[in-house]
Amino acid sequence: MENKPIVTCAGDQALFTSLYTPLAQQLPREPMEWKRSYGRAPKMIHLEANFVQFKEELLPKEGNKALLTFPFLHIYWTDCCDTEVYKASVRDNMMRWQGNLRLHGSADWVIVVVETSDAKKKNKTNILPRSSLVDKIRNDFCNKQNDRCVVLSDPLKNSSRSQESWSAFLLKLRTLLLMSFTQNLGRFEEDMRTLREKRNQPGWSFCDYFMVQVGLYLPVCVSQVNLWFYTGRRGCVFIYIVYTLPFKSL
């Protein structure tokens with residue numbers, strides 16, 4: 001199992017496959033500052049991701065306590081530039097995708113519209129200007145979150161415009177992924193602290209508390225989790241969990 005944050009990919013799978021290699025290779029290249037909670041010092045980290053095809057069964061379920069077993073970000077890929085195709089199929093597919101995310105409380109998503117000059121040359125009849133089609137997608141799906149629709153221009157070409165577009169997309173992806181991870185980690189840590197604060201209440205179970213810790217930290221390791229057992233006074237067993245985060249820090 002890859003111990004990396006999961007990112008799902010919906011929409012045009014052939015399009016995503018054509019971009020997978022440069023995306024997976026270049027995503028970790030530039031570091032990002034991770035501003036941690038509870039007054040902990042920020043860290044510079046390199047982000048990696050496990051890109052998988054979108055499936056509804058991957059979406060988080062209520063009570064899930066394993067941090068890296070559900071996706072942190074969802075991407076819909078399309079290179080549609082034809083108004084009739086958008087109305088006939090792409091829009092409906094996006095609506096079903098977004099409906100599934102909303103049903104499972106998944107609010108971290110982005111729509112990537114890939115613009116290629118070759119596609120424009122093939123079909124000029126029903127093509128909207130790039131800005132018009134993107135505005136239509138934003139009006140249909142993004143509401144006030146216009147930054148959740150990103151345009152990627154000729155990503156496989158070696159022009160200055162393509163490189164600028166690709167760099168901006170990578171930065172956006174890193175930002176969304178880190179933001180989602182930080183929010184989810186914060187919720188899990190808060191749940192763990194809430195459970196720990198109830199330790200003096202009747203019926204509190206150390207085993208339940210320990211399993212929450214294991215569920216939080218076990219999937220977060222890069223290679224393995226080391227459990228160190230120490231027998232203290234009165235035969236009490238103390239368990240130390242040594243872990244590292246799924247990002248490479250500087």
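## Aromatic cluster

Ring pairs join Phe-16, Tyr-20, Phe-51, Trp-77, Trp-166 and Phe-169 into a cluster. The model is a predicted one. In total, the count of aromatic pairs comes to 11. Phe-16 and Tyr-20 are 4 residues apart in helix α1, so about one helical turn separates them. Phe-16 has a relative accessibility of 7% and therefore counts as buried, whereas Tyr-20 is partly exposed, with a relative accessible area of 36%.

Another aromatic pair, formed by Phe-72 and Phe-181, is tilted, with 5.5 Å from centre to centre and 50° between the planes. This pair links distant parts of the chain: Phe-72 belongs to strand β5 and Phe-181 to helix α5, 109 residues apart. Both Phe-72 and Phe-181 are buried.

## Overall composition

The chain has 250 residues, and buried residues make up 39% of them. Its secondary structure comes to 6 helices and 10 strands. Among contacts between residues at least 6 apart in sequence, 71% join residues at least 24 apart.

## Nonpolar cores

The largest nonpolar core holds 31 residues, of which Leu-23, Phe-51, Trp-77 and Phe-169 touch the most other members. At least two residues of this core come from each of β1 (6-11), α1 (13-26), β2 (32-34), β5 (71-78), β6 (109-115), β7 (149-153) and α5 (160-197). Helix α5 supplies the largest share of this core, 9 residues.

What does Phe-169 contact, leaving aside its neighbours within four places in sequence? The partners of Phe-169 are Leu-23, Trp-77, Val-112, Val-150 and Leu-152.

## Helix α1

Helix α1 has 14 residues and reaches 19 Å from its first C-alpha to its last, close to the 20 Å expected at 1.5 Å a residue. At Tyr-20 the helix bends by about 50°, and a proline, Pro-22, follows within four residues.

Which residues of α1 are buried? Leu-15, Phe-16, Leu-19 and Leu-23 are buried in α1. The elements that cover the buried residues of α1 include β1, β4 (50-53), β5, β6, β7 and α5. Of the residues named here, Leu-23 is also one of those that touch the most other members of the largest nonpolar core.

## Cysteines

How many disulfides does the structure hold? The number of disulfides is 0. For Cys-80, which is in no disulfide, the nearest cysteine sulfur is that of Cys-81, 6.4 Å away. Cys-80 is buried, because its relative accessible area of 9% falls under 20%.

A disulfide is a covalent bond between the sulfur atoms of two cysteines. The cut-off for such a pair is 2.5 Å between sulfur atoms. The sulfur of Cys-142 has its closest cysteine sulfur in Cys-149 at 5.1 Å, which is too far for a bond.

Gln-98 lies in helix α2 (residues 83-103). Is Gln-98 buried or exposed? With a relative accessible area of 10%, Gln-98 is buried. Its contacts, leaving aside neighbours within four places in sequence, are with Trp-109 and Phe-141.

Thr-182 has its place in helix α5. Thr-182 is partly exposed, with a relative accessible area of 27%. Beyond its neighbours within four places in sequence, Thr-182 is in contact with Trp-34 and Lys-35. Along the chain, Thr-182 and Phe-72 are 110 residues apart, and 9.9 Å separates their C-alpha atoms.

Notes
Residues are numbered from 1 along each chain as its sequence is written. This is a predicted model: local features need pLDDT of at least 70, side-chain atom pairs count only at pLDDT 80 or more; totals for chains, interfaces and linings use all residues. Side-chain values use heavy atoms; hydrogens and water are left out. Buried means under 20% relative accessible area, exposed over 50%, partly exposed in between (1.4 Å probe, protein chains only). A nonpolar core is a set of buried Ala, Val, Leu, Ile, Met, Phe, Trp, Tyr and Cys residues joined through side-chain atoms within 4.5 Å. Contact means heavy atoms within 4.5 Å. Rings of Phe, Tyr and Trp (its six-membered ring) pair if their centres lie within 6.5 Å; planes under 30 degrees apart count as stacked, over 60 as edge-to-face and the rest as tilted. The expected span of a helix is 1.5 Å times one less than its number of residues. The bend at a residue is the angle between axes fitted to the seven residues ending there and the seven starting there.
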